[in-house]
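This report describes how the parts of one protein chain are arranged. Please keep the sequence and the structure in view while reading.

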Amino acid sequence: MLTQQVLHLPPQKLFFSCSPFNVRKIPSFVNCKNGYAYSYCTVNALTLDELPPNALRRKREPQWRGGFSLGLDLGLARTGLALSKGFSIRPLTVLELRGQKLEVQIINIAEQEEVDEFIIGLPKSADGKETPQSNKVRSVAGRLAVQAAERGWRVYLQDEHGTTTEAMDRMVNMGLSKSSQQKKLDAFAAMMVLERYFSTSGQGTELVLPKNLELQAKLQRGPPKDVDFFSDED
């Protein structure tokens, strides 16, 4: 007989994630309703070893080809996007959208650019602690993770502290005008997130998992192979 330990706390929204150094136990489906949990069981979450980000896989397999990354700098009104294909990282665009419209557009851009992972900047303070904005970013990342998993794409969180300042310095050094700086700041901040991610070989990222086990299985299988890119022998 399955025994349960019911928590005498207000319902809390579930967020599934794991890091390479701290494999967490994920909440169970027992007594869950509409994504809210009242009890827990011990089910091991997938790790970065099982779903390595592209940067980590490149480090492990120097001859590996493939893997396009979309960097995101999520803001209250503006979201910057940057793209990495191969060893090239560049600012892509800035979206002035919110909610579902933003998420739909991000997925559309990911499909157009043939990416297979999202690297989302997670706001943190100078001492490494999360901020009120962190919870909002985690909520968006969780929703994107569900849509991404349907396509075999992965979602990771990357500490973004200081990337806005780095983006400003980069644009000043490039000689961009103040008007261009204002328009492109968020996209350049997303590029800084990607640069930090690749400079650490993805080892500081946090994997965002959908709770649905079928979606997790799709993540493990990965996206369908591009028949134009892979040979029959791959």
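What is the accessible surface of the chain, and what percentage of that surface belongs to carbon and sulfur atoms? The accessible surface comes to about 13200 Å², and 52% belongs to carbon and sulfur atoms. Such areas come from the Shrake-Rupley method with a 1.4 Å probe; for residues, only the protein chains shown count as cover.

## Basis of the report

This is a predicted model, in which local features need pLDDT of at least 70 and side-chain atom pairs count only at pLDDT 80 or more, while totals for chains, interfaces and linings use all residues. Residues are numbered from 1 along each chain as its sequence is written, and side-chain values use heavy atoms, with hydrogens and water left out.

## The chain as a whole

The chain has 6 helices and 11 strands. Helices (H or I, at least four residues) and strands (E, at least two) are DSSP runs, numbered from the N terminus. Of its 234 residues, 42% count as buried, a term for under 20% relative accessible area with a 1.4 Å probe and protein chains only.

A contact means heavy atoms within 4.5 Å. Among contacts in the chain with a separation of 6 or more, 65% are between residues 24 or more positions apart.

## Helix H3

Helix H3 covers residues 132–150, 19 residues in total. From first C-alpha to last, H3 reaches 29 Å, close to the expected 27 Å, which is 1.5 Å times one less than the number of residues. The buried residues of H3 include Val137, Val140, Ala141, Leu144 and Ala148. An α-helix has 3.6 residues a turn, so residues three or four places apart point the same way. Just after H3, glycine 152 takes a positive phi of about 80 degrees.

## H3 and its partners

The axes of H2 (residues 99–113) and H3 come within 11 Å and cross at roughly 45 degrees. Glu103, Ile106 and Ile107 in H2 meet Val140, Arg143, Leu144 and Gln147 in H3.

On H6 (residues 213–221), H3 packs at about 60 degrees, with the axes 8 Å apart. These two helices are therefore also oblique to each other. Here Val146, Ala149 and Glu150 in H3 meet Leu215, Lys218 and Leu219 in H6.

## Isoleucine 106

Isoleucine 106 lies in H2 and counts as buried because its relative accessibility is 0%. Not counting residues up to four places away in sequence, isoleucine 106 touches Leu70, Leu72, Leu95, Phe118 and Leu144.

Methods: Buried < 20%, exposed > 50% of the residue type's maximum accessible area, 1.4 Å probe, protein only. Axes fitted to C-alpha atoms, helices over the stretch in contact; angles between N-to-C directions. Parallel < 35°, antiparallel > 145°, perpendicular 65-115°, else oblique.
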